[in-house]
Amino acid sequence: EIEMQALRAQMNPHFLFNSLNSIKYYALSKDKEATADYLTKFSSLVRTILNNSKSHTISIKDELEALRLYIEIEHLRLEGKFDYSFDVDTSIRVEQAQVPPMILQPFVENAIWHGLMRKTAGGKLIVQVKDLGTSIQCVIEDNGIGRKKALELKGNGPGHKKSMGIQITGDRISMINRIYGIDTKVHIIDLVNARGEAEGTRVVINIPLINEDAS
């Protein structure tokens, strides 16, 4: 439990650091009213993250609400460079089904910072949550520049820092699997067209639902 608390403590500062960089960009390039609107969204997001981080698990509804807030502020920062959509199976009891907090956000952050941010236009981000019965499948897909190109461009612009959020999330997933006796799996797929050119990245996360009584 102490190790889990330490990992959650690492996750939130990493997330806030990236978000504050976004606010700095917005404050320097926008008028006061637009910046105030941005800060209002950010404050709602921070409050949500801090509330969620107090719990071992949260409902899928709460996880998706935090994720939507995060995507909204990044969408504002990038001035609509990408569109986004959520597709959640109606059969999922989103208020009861429990997942670890902040389990999806680092993968979405990666899609935006390393995939979509470098596209000139036409970016798309899709978040799907599918009902698999005793587990859910979360799919995060972008049509960005792809992992290979992002690696080549590493160090040449914003978003070049090592993705500590993904590393920390991997550590958390391993520990959650041990504590709850589940088998959460993450698959990362490089998307290509018929010519073998990169067309983005798809992350598939299979999360066994956690019994509230065990959390």
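Strand 5 and strand 7 (residues 198–208) run antiparallel and are joined by eight bridges. Keep in mind that this is a predicted model, where local features need pLDDT of at least 70, side-chain atom pairs count only at pLDDT 80 or more, and totals for chains, interfaces and linings use all residues. Residues are numbered from 1 along each chain as its sequence is written, and side-chain values use heavy atoms, with hydrogens and water left out.

**Exercise 1.** Work out which strands pair with strand 5, and how many of its residues are buried.

*Solution.* 
- Start with the ground rules: helices (H or I, at least four residues) and strands (E, at least two) are DSSP runs, numbered from the N terminus. Two strands pair if DSSP finds at least two bridges between them.
- Go to strand 7: Glu-141 stands opposite Arg-202 there.
- Now try strand 4 (residues 123–131), which pairs with strand 5 in the antiparallel sense over seven bridges. Here Leu-125 stands opposite Asp-142 of strand 5.
- Finish with burial (under 20% relative accessible area, 1.4 Å probe, protein chains only). Seven of the eight residues of strand 5 (residues 135–142) are buried, leaving the strand mostly covered.

**Exercise 2.** Describe how helix 4 packs on helix 6.

*Solution.* 
- Take the axes, which are lines fitted to C-alpha atoms over the stretch in contact, with angles from 0 to 180 degrees between N-to-C directions. For helix 4 (residues 105–116) and helix 6 (residues 164–180), they come within 9 Å and cross at roughly 155 degrees.
- That angle makes the two helices roughly antiparallel (the label for angles over 145 degrees).
- List the contact residues (heavy atoms within 4.5 Å): helix 4 gives Pro-106, Phe-107 and Asn-110, while helix 6 gives Gly-165, Ile-166 and Thr-169.
- Then check how enclosed helix 4 is: ten of its twelve residues are buried, so the rest of the structure largely encloses it. Among them are Phe-107, Ile-112 and Trp-113.

Notes
Angles under 35 degrees count as roughly parallel, over 145 as roughly antiparallel, 65 to 115 as roughly perpendicular and the rest as oblique. Buried means under 20% relative accessible area, exposed over 50%, partly exposed in between (1.4 Å probe, protein chains only).
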